[in-house]
Every structure is written in C-alpha cells, then in structure tokens.
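Here are some friendly notes to read beside the structure. Take the points in order, and keep the 3D view open as you go.

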Amino acid sequence: MINEKAVFFSRVLMETTLTFHIIYATLGVGVPIFIMIAQWVGIRKNDEHYILMARRWTRGYVVSVAVGVVTGTALGLQLTLLWPNFMGLAGNIIALPLFLETFAFFFEAIFLGIYLYTWDRFEDQRKHLLLLVPVAIGGSLSATFITIVNSIMNSPQGFDIANGEIINVNPILAMFNPAMPTKVAHVVITAYMTAAFVLAAIAAFRLLKGSWHIYHKKALFLTLKLGLIFSIATAIIGDFSGKYLANYQPEKLAAAEWHFDTRAQASLVMWGLLNKETEEVSYALKIPYGLSILAHWDPNSIVIGLDQFKENLRPPLYIHYLFDSMVTIGMLLVGLSFIYWIGKKLKWKWVNSKIYLWLIILSGPLSVIAVETGWWLTEVGRQPWVLRGIMRTSEAATTNENVNLMLILFSLLYLILGVGTIVVMTRMFKKYPVEKEIEDRMLEKGGVNS
Amino acid sequence: MSYEVIGITVLWTFLYGYLIVASIDFGAGFFNYYASVTGKGHVVQKVINRYLSPVWEVTNVFLIFFYVGLVGFFPSLAYYYGTALLVPGSIAIILIALRGSYYAFHHYGNKGRLGYQLLYGATGLLIPASLSIVLTISEGGYIKLNGTNVSLDYGALFTSFYSWAVVLLAVVSVLYISACFLTFYAHKAGDEGAFRILRKYALFWSTPTILASFLVFWAMSDHNSEHFAKMLDVSWLFVLSFLFFVGAVYFIWKKKRLGLSFIFVMLQFATAFYGYGAAHLPYLLYPHVTIYDSFTNDTMAITLIISFLAGLCLLVPSLYLLMRLFLFDNEYVQGKK
C-alpha cells in the first residue's frame, strides 16, 4: 500500500532537512580541526594571535554546533517518522553504526562543554589543547559512523533475506561494505576542506573591509595552506570514489556521466545539454578516454552504460549537472589555494589584491555548494532504491496523510534557524572585532606579546 | 536475563537519565521566565546559567541515545510508532530544535528579551507534554490498526482522561525535579537569595506532583486494568517512591542535607519509573507489540550490548569529569572561576 503523495513529500522533507543540516554538520566536523591546529601553532610559536584565533573560531563554532545538534536530532527522528518501513527493515543492519555515532557525538558534546567553560581556568595552554583533541576526534568519528550508515544503503551486505525477513546478520561486515572507505574518506576530508575555505573567506573579508591586522593575514595563510592540502586530498579520494562507482554502482556513474552505451575508451563529458529523445549530448566538453581512466585506470577499459539497466531502475539524468558542479568547484578551489600559496612564497603582490581577496571570499560559499551538490548527487543517484537492490524508496515511506503539513512546519523552522544563525554570528563578530579583543586581552595580561 | 530484557533495561535507564537531566533543563526555562516576570530574574538566572551552559548539549544526547537504542534493539517497533507519531513527533522535534538553538543563540550571542524568555519557558512545558504522548499511546487504545495501516486516533487521545493525567504529571514533575535540583545548586553556590526563591518553588510543586501521581494511578486502573494489576504486584516500589518523596521534601523544608534530598528525588522517580516500566512488560505497545516480537536479531543484539559497554567505559569517566568541573567544584559553582 503506497501513498504516492506521502512518498513525494517525505522525499522533499528529508532533502530539505539534510540540505540544511549538512551545512552545519560539515562545519561542525571541519572547524574543530582548525581550532585545534591554531591552538597548537599558537603554543609552538608562542604566538598569542593563534590562541586568540582558536577562541574566536570556537565562538562561531558553538553557534553552528547548536543548530547542527538540533537539526541532527530532527534528522534522526525523521528517519523513523518518514520512513517507518525502511527503519523496520534496515534497523536490523544499520543499528550498530547509528549507535556508535551517538557515542562519538556524546563524547564530543561532553568535551566541548568542558573546553568552553574552562577557557581561563588553566594557566597552561597545553591543557586546553588536550581538551580540544576529543572534540575534534568526536566530530570526525561521528561523521565516519553516520556516513557508514549511508554507505550501507548504497551497498548493503552482511545479511541474507528470507521471506522479506533479514537473517544471518553480520553487523561488522555490513559496516565494512565496499562503499564505506571512499565515502567516509571523501566526507571527512571535504568537511576539513570546506571549513578551510569558509574560515579563509572570513579572514579575506576582514582584510577587504580594511582591517589590515596581522591576525587576519596569519589566519588567511594558515587556512589556505591547509585548504590546498585538503582540496588535493579531496580530488584524489574523489577519483577513488569514481572507481568504486564503476565497479559497484555503475548506474549512478553512468547517469552522472550521461554514459548510455556500454563501451571501451569512454570519454568524460563535462557540462553540455542533453537531448532526451536521441540521447545525444551537445555543447559539452569531452575528454577522450577520461571516463575509462576515471573508472578503471585504463584508457581501454569498458565502462558499463545505462543500456544495462531497465528504464525504471535508472537514476534521474539531471545528476550530471550536480556531478559537474561539484568537480568544477573542487578544481577551482585547488587552483585558487595553490596560486595563493605559490604567490606568497614568491612574493607576488597581486595575491593580496582586492580581486583575489574577492575570489577567496567566494570560495567559502562555493565549497559549501560543492558539499550540497555532492550529497544530492550521491542521494539522487541511488534512486529508485533506498536500500540498493533491496527496497525501493516508494516502499519505505510512511503512509501518513500529513507529511505536506510537516514539510511546511519544518521549512519554517529551518528559515528561523538560518536567519537566527546569520544575525547572531554577525552581531558576535561585528560588535567585537579582533583589534578590540587583542586590546582587551593585552590589558588583562599586562601587555605581553605582540 | 534474555537479550530482550537487557535491551529494554538499557533503554529504560537512558530514558530515566533523560527524564532527570531534561526535567532540570525544561523546568529551569520556566523558572527563568517566571522569576523575570516577578522581578527576581537577576537573582535566579545566574545560578541557572552556571549549571545549564556547559551541559545543555549533553542533555540532548540522552534523548538521541534512547531513540537510537530503541530502533536498534526493536526495529519493527519503529514501524508502529513512526507511522502513528508523525505529527506529535514532528511538533516535539520542532520545539526541541527551537529551544536548543535559541538557548545557544541567546547565550553565546546577544542577551535576549522577555519575549524570548517566554518562548523558552513555554517550550520547556510543551516539550514534556508532547513527549509524554509516546508513553500514553504505549498503553494501547489510541492507535487504529487497519490491515497493516497504522494511524493515531486523535479523538480518543484528546478526550481521554488518562492521557491528560499523564500530561499533567509530566509537567508538574518537570517543575518539581528542576526546582529541587536548583535549590541544591543554589545552596552549594552559597547564593542565599536564589536559594530562598527556588526552595519556595520546590516546596510549592511537591504537592501537585504527588497528587498527579495518584491521579495517573487512578486513570490507569480505568484505562488499562491489566497493566494496573501488574503495577499492584510491584506496589512496594511505589510505596518506596512515596517514602523517598517524603524524605526529599522533609530535607528541603528543614534546609539541610540538600544533596541527599536531590538523591531522594532521583530515587523517588527511579522507583516509580522502573515500577511502571517493569509492569508494562512484555508490551512495548499494548497489545500489539511485545519486546519479543519486535526484537532485532541476536547477533545485532550482542554487538549492541558489547558496544554499549565499551562506550560506557568512555562515557562514564568523561561524564564524571564534566560533573567534577561544573557540579562538584565549589569554586565554579560559586562563580569564582
């Protein structure tokens, strides 16, 4: 008994929640790494500016964590409220990583509370660094476990099915499924990358607004240098993800690449327009052998096309644009941070120019967009399955009549939370710029350090 | 003990943990507002914020823990509750989300106005009311089964004497638990002004709490006589609960041994909560779902129990550290650090 309307609205509501949540979640995983690094650099170089950086980032981070926590709670409970049939079946397999995620989150929450409220309690800065380690580890671990839950949906294994019942469950095998290594690595690294560019964008924005304080320059250089490392790592892992798809979920890769006919020496299609009737692509940038190399490391390898899949088991073709957006932004970010780094080494003046600062500012929102498109790609690319090969999305949804009403309520909630975040963050940092805080802290410390 | 019983005991313990920590939080929101309106805001708020700020996130985790454990140990239960609770569940989530994030916005951002405090106080009472619906419908009689289709019978729910009795108990006990804890905390802080006010709240809410408990008993005997009969079998637990109540109120009245008095409050609710829970077994949703027919496979159950024990080895020391720093550290509590 499938209620088409409920299925549709459940999908929209889930997408809305996820789209909103991952902005905060990604920053929640990425930013503590930077807080920890800044604290560490500050101790090592004996430079108060980095310690201050850690504190200022933390203040913003706490606000984003708060929204991340509450929307994460919503997401968790919505899994059951919107997809009761899915949870009834998959709960037998995904319970372990879901449970472990909660532990990691608990761990992070405890130490974040301690870190925040002991700021001036210990003389020794190294103790504060020690408190940050579990916060950062907890954040990355919860991202790991929740991504494992998602990888199980893409590549379910570790159980048998008899008469619609799940038997012979092996929870560990289910967790270590083929999708898991690339997915987890990609999610965690892109979270670090996104945090790097968002923090860099903030520093660049302050510089552009005329605050030429050395603090912002230090912040910009630190974040972009790390941004370069993380964006290169993202690209490499992205390539591995492509190879995973080619082997285990070829329909997703084929739809993302508009690769209709199974063939060797397949070329990679970037952008372009599709004629759905003739399955012909125009205005596209084609990289010969590109797809074969992406799929199997071999320009002559055969890549499975959409022709191998029944019409009703193919993902929607618009995911091509999501794939392209994600990859294009990723490449731009590598280039942007690389040029900045080289420019700083070689003392090129123009990397400090207003135009370049504007590009860095843009990189912040762009990296968030890349995260969004990446998640839409992976989620929509799994359609029509919720558990690939086992359960259709339409079979998983609730039959309740009121999902559309809930969609309105939750959209309002996210609107309020989104506006609230912006207002609070702006007030927090505009009212108390770094120059003022340095002054205050110097008075407190009796003027030590620069 | 069978895995099913271990599973439900673990979950029940987490729900109990949430009941205590969340009650302190929810009640604090109400007192915060009430004290502001009556012009005593500044006296009480300091004590409330010193305790709440470092722990509010941890409070939230208890709820998630319970929920994740529930779908982990009893996945097919997710089907019944998930389908039936879409509307009340979503409303509870929205209230929790507004409350949690606006606490952070207010606390780390800018200082809020009275309207915000009203919202904060009101959600603190609405959330326990909406969450208590889950316990109410677990008694049976509010869910319609039509083939495999599950739906919540709002008419039955809103006109039922039992469901309103539970809501009443949820709200007044939140206020009672919170006031007792804050009384203890203010006393520890050496904040005489806050202590006097909060002690009055605690004593005031003790009477409605115990009356509402009796009301729920009475309503239960009418609504689900099978469950009521089983509760009579463990009536010693409820007698014990009443004695703890008397002890707690006595110490608060006498203004001494306030730490012990809050332990009595916790025991009062522990005995009643476990007594209620034990009598509810084996049903998770009377009379449709028992802990046996909704239980997950054995392998997953063992893995969950093992990971739960391993997780506790990590959590208990961390929680102890948190409490040492913010609850048992006199200098912090007194606002010197």
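1. A term to begin with: helices and strands here are DSSP runs, numbered from the N terminus, where a helix needs at least four residues and a strand at least two. Counted this way, chain B has 13 helices and 4 strands. Please keep in mind that this is a predicted model.

2. How does the overall form of chain B look? Its C-alpha trace spans about 60 × 40 × 40 Å along the principal axes. A compact globule of 337 residues would have a radius of gyration near 20 Å, and chain B agrees with that because its own value is 20 Å. Of these 337 residues, 60% count as buried.

3. Now turn to chain A, which holds 14 helices and 10 strands. The C-alpha trace of chain A spans about 75 × 45 × 40 Å along its principal axes. For 450 residues, the compact-globule rule gives a radius of gyration near 22 Å; chain A has 23 Å, so the two agree. Buried residues make up 59% of chain A.

4. Next, the salt bridges. How many does a search of the whole structure find over all chains? The search gives 5. One to look up is the pair D47(A) and K218(A), whose closest N and O atoms are 2.5 Å apart. D47(A) sits in the loop between α1 (4-45) and α2 (48-82) of chain A, while K218(A) belongs to helix α7 (residues 214-248) of chain A, so this pair ties together parts that are 171 residues apart in sequence.

5. Are the two partners of that pair buried or exposed? The cut-off for buried is under 20% relative accessible area. D47(A) has 11% relative accessibility, so D47(A) counts as buried. K218(A) has 17%, so K218(A) counts as buried too.

6. Another salt bridge joins the side chains of K243(A) and D239(A), at 3.0 Å from N to O. Both residues lie in helix α7 of chain A, 4 residues apart, which is about one turn of the helix. K243(A) is buried, with a relative accessible area of 9%.

7. The side chains of R382(A) and E379(A) also meet in a salt bridge, with 2.4 Å from N to O. Both R382(A) and E379(A) are buried.

8. Take K347(A) as an example: you will find K347(A) in the loop between α10 (319-345) and α11 (354-380) of chain A. The relative accessibility of K347(A) is 69%, so this residue counts as exposed.

9. Chain B has a surface patch of another kind, a nonpolar one. Its members are F214(B), W236(B), V239(B), L240(B), F242(B), L243(B) and V246(B), with about 690 Å² of accessible area together. Which element gives the largest share of the nonpolar patch? Helix α10 (residues 235-254) of chain B does, with 6 residues. V239(B) is one of the residues in helix α10 of chain B.

10. With a relative accessibility of 2%, A212(B) counts as buried. The C-alpha atoms of A212(B) and L168(B) are separated by 6.6 Å, and these residues are 44 residues apart along the chain.

How values were computed
Residues are numbered from 1 along each chain as its sequence is written. Chains are lettered from A and ligands numbered from 1 in the order in which they are written. This is a predicted model: local features need pLDDT of at least 70, side-chain atom pairs count only at pLDDT 80 or more; totals for chains, interfaces and linings use all residues. Side-chain values use heavy atoms; hydrogens and water are left out. Buried means under 20% relative accessible area, exposed over 50%, partly exposed in between (1.4 Å probe, protein chains only). The radius of gyration is taken over C-alpha atoms; the globule rule is 2.2 Å times the number of residues to the power 0.38. A salt bridge is a side-chain nitrogen of Lys or Arg within 4 Å of a carboxyl oxygen of Asp or Glu. Patches are made of residues with over 30% relative accessible area and no salt bridge: like charges are joined within 9 Å, nonpolar side chains (Val, Leu, Ile, Met, Phe, Trp, Tyr) within 5 Å. Accessible areas come from the Shrake-Rupley method with a 1.4 Å probe; for residues, only the protein chains shown count as cover.
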